[in-house]
Amino acid sequence: MDTYDILIVGGGMAGLGCARVLREKGATDFCLVTEHVGGRAPLTGHDALSSACYARSDYCHMQPFLSYGRRASIWKGRLITQEKKWRPSAIALRHPILFLSFVFHIWRFDRRYQRFMRRNEFMSQKESMEKDPELLKIYNQSASDFLHEHGLAPLGTVLISTLVRVTSFLSLEESSAFLMLWIWLILLRRARECTVDGEKITENLHFCITLDCVCSIKQKKDEWVVETTSGHTMAARRLVMATPITVTQKLLNISSPGRTDLNVFMAKVRGTAKKKYVDGRYNVFPMGCPDVSIIDGEDGTYELYSLRADFDLSHYFDDYCVLYTKSWEPAACLGKELHFSQKGNNLFIVGDCNFPCLEAAYVSGMQAAKALLERM
Ligand SMILES: Cc1cc2nc3c(=O)[nH]c(=O)nc-3n(C[C@H](O)[C@H](O)[C@H](O)COP(=O)(O)OP(=O)(O)OC[C@H]3O[C@@H](n4cnc5c(N)ncnc54)[C@H](O)[C@@H]3O)c2cc1C
């Protein structure tokens, strides 16, 4: 059995954020065990062609590891219903005062969100959120209730929901107001397609990374004992769980009622899209349709995102060949309860359990590392 001071389970942005800070501060007695390096983030070499992931200009900590592609544009989206193709700009122009009012709410949210993120470097997301009751209220409110409360409902169905659906796969009823405003921040803060430089982000970490799948975690006296599917057993005094929250809950036997996984499937194809789908970079289907969106790669390739694995590409393309398929199971974990990152002195739960964001996941890992180092 290998013994360490700290064991990190999960090597996505949260696990890597934690490992990088530990390494930078001189710690060496730790191990990061993960099924895949990078997790849901698009790492160079693996996902270089995928355009699903965007980084905003306020992703300060992730910035050194990112390479950027096309700029994201809300105005290039189209909502495709049976009857009609809707342009977001047409709705904004039809309700200019309401749209300006919505932009004002995004601006107010941005100020709160940036302060929340700065606090996150030193405290958990839950503690940071609780320091701002207005932000906490928005987190606990559904996006559709927020829009009704502020008289913005006429912008909801076509304009606001289109970006929420293409980004988070959720409806305005399912999304929190926090997530909706966070997604719409791209109106104020430039966002680009991105990939994460796998070499750079794992630099100096090769000594501590073990590729394996954890199947059991038990607490014995003052130690966490971790077993993997390849039969490896590791023990550590302190444990950082950086797996998707539903995996963490299963491994630690923690319950969280009402939390569900959202699985997403993608096919990257080269081909000729049917006429209806060629105008606009993001073609988004309304709620109720199991397929979510078709994103035009502008180089003869397209990505179809769907909530089902058995999608029918002939419905959208006259001719096509599938370059590759990909699935995220889970892509996101839905739940309303805010998670504390620290459970007792020797267990940290980090990652995107409160909202799906590369930067926030990375910062949650950094924060856990700082708290661990304080108690060395
Ligand atoms: C399709 C899609 C599009 C997205 N778009 C954006 C975007 O535009 N902008 C943005 O900021 N965010 C986006 N996100 C969200 C972002 O990717 C995630 O929030 C972030 O990557 C989460 O990082 P994490 O480290 O918390 O979790 P993960 O990346 O899931 O990392 C968890 C790690 O744990 C490992 N693991 C799981 N189970 C085990 C086990 N039993 N044993 C060992 N290891 C295990 C996995 O291999 C993985 O490496 C998107 C997500 C998806 C799915």
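1. Some ground rules. Residues are numbered from 1 along each chain as its sequence is written, and side-chain values use heavy atoms, with hydrogens and water left out. As the model is predicted, local features need pLDDT of at least 70 and side-chain atom pairs count only at pLDDT 80 or more, while totals for chains, interfaces and linings use all residues.

2. Start with the seven-stranded sheet. It is open, with mixed pairing, and its order is E6-E5-E13-E14-E15-E12-E16. Strands (E, at least two residues) and helices (H or I, at least four) are DSSP runs numbered from the N terminus, and two strands pair if DSSP finds at least two bridges between them. Strand E6 (85-86) and strand E16 (317-334) are the edges; each has a single partner strand, so one side of each has no neighbour in the sheet.

3. Now look inside that sheet. Strand E5 (residues 77-80) and strand E13 (residues 282-284) run parallel, joined by three bridges. Leu79 has Val284 in E13 as its bridge partner. Helix H7 (residues 153-168) lies across E5, E6, strand E12 (260-273), E13 and strand E14 (291-296), at about 85° to E14. That angle is taken between N-to-C directions, from 0 to 180 degrees, using axes fitted to C-alpha atoms (for helices, over the stretch in contact), where contact means heavy atoms within 4.5 Å.

4. The other sheet has three strands in the order E3-E7-E4, open and antiparallel. Strand E3 (54-56) and strand E4 (66-71) are its edges, each pairing on one side only. From one strand to the next, the twist averages 50°. Three bridges link E3 with strand E7 (residues 191-196), and Tyr54 stands opposite Glu193 in E7.

5. Tyr54 turns up again at the ligand. Which residues are closest to the ligand? They are His36, Arg40, Tyr54, Tyr59 and Asp352, out of 31 that surround it (a residue is near if one of its heavy atoms lies within 4 Å). The shell divides into 18 nonpolar, nine polar and four charged residues; here Ala, Val, Leu, Ile, Met, Phe, Trp, Tyr, Cys and Pro count as nonpolar, Asp, Glu, Lys and Arg as charged, and the others, Gly among them, as polar.

6. E2 gives the most to that shell, with three residues. A backbone N or O atom of Tyr54 sits 2.6 Å from a ligand oxygen atom, and a polar side-chain atom of Tyr59 is 2.7 Å from a ligand oxygen atom.

Notes. Polar contact = N/O pair within 3.5 Å; in protein donor to acceptor, adjacent residues only side chain to side chain.
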